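Dear colleague,

I am handing over the structure below, and I set out after it what was found. Please read the notes with the coordinates open beside you.

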There are 2 protein chains.
Amino acid sequence: MTELENYIHTNFGVTKEDVAKISSLFRVVTLKKGDFFLKTGHHADRLGFVQMGILREFVHIDNKEVTKWISTKGYFAVDLSGFIFQLPARWNIQALTECELYVIDRKDYQNIGQVLPRWPELEKLFIAKCFTVLEDRIIQHLSKSAEERYHQLFNFNAALFNQVPLQYLASMLGMTPETLSRLRKKASG
Amino acid sequence: MTELENYIHTNFGVTKEDVAKISSLFRVVTLKKGDFFLKTGHHADRLGFVQMGILREFVHIDNKEVTKWISTKGYFAVDLSGFIFQLPARWNIQALTECELYVIDRKDYQNIGQVLPRWPELEKLFIAKCFTVLEDRIIQHLSKSAEERYHQLFNFNAALFNQVPLQYLASMLGMTPETLSRLRKKASG
DNA sequence: TGAATTTCTTGATTTTTATCAAGAGCATGG
DNA sequence: CCATGCTCTTGATAAAAATCAAGAAATTCA
């Protein structure tokens, strides 16, 4: 079973047969380091599941890059508003390492419901879960200092700090690279 | 047509007859100033639509109150994770003024699909839309100063500053009341 | 209405974080 | 393997925002 099949099976409680039907709608896409899976303004008509590698979702604001999220194995790479509402992509999604994604096109995605009647419900639950994750992130920004946000991410996924350029993590945490560097020094000293 | 019926009609493109069927599942609930529509840890088994009044969604963190959102006419008052996943409420929702809500219980909410076959799809779109709003808010915190966040909210809804205690707006913007006070002075001077 | 309470503002000060600048460390590709 | 870019760290300084304290303004409600 691939990582994707396992994800669908365990998160959506889908039977092995149905999992196979769904996963057959996906195809493997490999990206080289630096390749863009998606660019701002382009059609966001596919959804990727990260089987291997690391991607960065970011956007240009006021002449600087803002990293919204880092996607690793087991995460999805998708511009949700573009994919769901057929709007131009808001985010750039770029491979930070060589990547292997399972990718589905919107037209195939829309057929999952035929394979899996309770798909609309599962899809709702999935998006609702994403919503609550963002709620937590908002609360974190309203109530925690840069140092606390750093520790929270570090405790959640320390490995990230060895895999991703620190400047991107700094941006994702809402601080400058210099501040992150000092917080790391402070934490290790 | 009530505000709720109008909302369902225009946002979900539902026919007048179906709107009436859906809205019949809601009942009117009035709250006095200070009343709680929901409390952290309690069952989050109902969803409210704000017909009139102002509510505050907040949570206690590290001995302080963090205001996540202010809901006014046309917004929903709901703890999404609790309502959808049947988990204890994460948020307190309290009336800041006298309020009139259209309220639906979870068991009735789950029957909307019988009135409106494409409800699962509409519900998904609705939650996805909420997700994108939070994405924007995250980006704002990653890329904007307190002053810029203040101006953005003020430009979006200046009336709020005359209707809601400023300390709550300050918290929702991720700054102290003193900082908000100074930014307001600076902006008006 | 008027006293009590809460909220808001202002000032002084400290802490946090950003900015600017320079150098050190690393990776990468010719 | 070395030169060239990046990236990261460090230091000095500036700016932003928080904290603490006190008084003014507004609100509440008895």
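Predicted model: local features only at pLDDT ≥ 70, side-chain atom pairs only at ≥ 80, totals over all residues.

In chain A, V59(A) stands opposite V66(A), a residue of β5(A). Residues are numbered from 1 along each chain as its sequence is written, while chains are lettered from A and ligands numbered from 1 in the order in which they are written.

β4(A) and β5(A) run antiparallel and are joined by seven bridges, where two strands count as paired if DSSP finds at least two bridges between them. They belong to an open sheet of four strands with antiparallel pairing, in the order β2-β7-β4-β5 of chain A, and its edge strands, β2 (36-38) and β5, each pair on one side only. On average, neighbouring strands of this sheet are turned by 30° against each other, direction ignored; axes are lines fitted to C-alpha atoms, for helices over the stretch in contact, and angles run from 0 to 180 degrees between N-to-C directions.

Two helices lie across β4 and β5 of chain A: α9(A) runs at about 95° to β5(A), and α6 of chain B (residues 119-143) runs at about 125° to β5(A).

As for the two chains, 28 residues of chain A are in contact with 28 residues of chain B, contact meaning that the C-beta atoms, placed from the backbone, lie within 7 Å. On the side of chain A that touches chain B, β4 (55-61), β5 (64-71), α3 (80-85) and α6 (119-143) each supply at least two residues, and α6(A) gives the most, with 18 residues. That side divides into 15 nonpolar, six polar and seven charged residues, with Ala, Val, Leu, Ile, Met, Phe, Trp, Tyr, Cys and Pro counted as nonpolar, Asp, Glu, Lys and Arg as charged, and the others, Gly among them, as polar.

α10(A) gives the most to the surface near DNA strand D, with six residues. Of the 16 residues around DNA strand C, S145(A), A146(A), T179(A), L166(B) and S181(B) come nearest, and α10(B) gives the most to that surface, with six residues.

Best regards

How values were computed. Near = placed C-beta within 6 Å.
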